[in-house]
Amino acid sequence: MGNRLTQIATRTGDDGSTGLGDNTRVSKDSLRVHAMGDVDELNSHIGLLLCEDMPGDVRELLIDIQHQLFNLGGELSIPGFELLKAEALLSLDEALQTHNSQLPRLQEFILPAGTRAAAQAHVCRTVARRAERAVVALGQAETVREVPRHYLNRLSDLMFVLSRVLNRFRTDGSVGDDVYWKSERLARSADE
């Protein structure tokens, strides 16, 4: 494959527009560019998460997700094009089932906290939700396939589950836990 990026600073965007993959130009404030940017930001946050210690299977999963998000970004950059396959969604469903089945059942809400890796997974979760909202907004204005929206929805769920996995992961063999919300209402009802 040849070099696709021959020049980074083209100055063609100085007018507030950007080029899409089909060589059309749109405003940098368009719904499509917002969706592309949110997906790119999510991929960057996953890259930051990958700097942390984690189980090998979680690392492999996140690396695959980065590639799928790149496919999703490419699909968003070329209106009417399909790069993200339904198999990618199936992979997330399988990962959700596998990792969730190994966790204790939630009895309380948890805070986006704990280990640095778990907290970063929560950041990924919230950025995935924002990216999903951006794709939904784009889909209300233009034709967008369902798979990208479903993928981001499922990915945010998976990042929640992975945050719980990462809160339990310790290299010294000990076991961690989630950080639970201290609800005053629930505390009062427990005392009654």
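The axes of α1 and α4 come within 8 Å of each other and cross at roughly 165 degrees; the axes are lines fitted to C-alpha atoms, for helices over the stretch in contact, with angles from 0 to 180 degrees between N-to-C directions. The two helices, α1 and α4, are therefore roughly antiparallel, a label given to angles over 145 degrees. The crossing of α1 past α4 is left-handed, meaning that the near helix is turned anticlockwise from the far one by less than a right angle.

This model is predicted, and local features need pLDDT of at least 70, side-chain atom pairs count only at pLDDT 80 or more, and totals for chains, interfaces and linings use all residues. Residues are numbered from 1 along each chain as its sequence is written, and side-chain values use heavy atoms, with hydrogens and water left out.

The chain contains six helices and two strands, where helices (H or I, at least four residues) and strands (E, at least two) are DSSP runs numbered from the N terminus. Along the sequence their order is β-β-α-α-α-α-α-α. Of the 192 residues in the chain, 37% are buried, that is, under 20% relative accessible area with a 1.4 Å probe and protein chains only. Contacts (heavy atoms within 4.5 Å) also span the sequence: among those between residues at least 6 apart, 69% join residues at least 24 apart.

Helix α2 covers residues 56-77, and its 22 residues reach 32 Å from first C-alpha to last, close to the 32 Å expected at 1.5 Å a residue; the expected span is 1.5 Å times one less than the number of residues. The buried residues of α2 include Val58, Leu61, Leu62, Ile65, Leu69 and Leu72. Among the elements that cover the buried residues of α2 are α1 (31-49), α3 (86-101), α4 (116-141) and α5 (146-168).

Ser30 belongs to the loop between β2 (25-27) and α1. Its relative accessible area is 18%, so Ser30 is buried. A polar atom of the Ser30 side chain lies 3.2 Å from the backbone nitrogen of Val33.

Because its relative accessibility is 24%, Asn153 counts as partly exposed, the class between buried and exposed, the latter being over 50%. Leaving aside residues up to four places away in sequence, Asn153 touches Arg129 and Glu132. Asn153 and Arg130 are 23 residues apart in sequence, and their C-alpha atoms are 9.9 Å apart in space.

How values were computed
A polar contact is a pair of N or O atoms within 3.5 Å; within protein, one must be able to donate a hydrogen and the other to accept it, and residues adjacent in sequence count only if both atoms are side-chain atoms. Angles under 35 degrees count as roughly parallel, over 145 as roughly antiparallel, 65 to 115 as roughly perpendicular and the rest as oblique.
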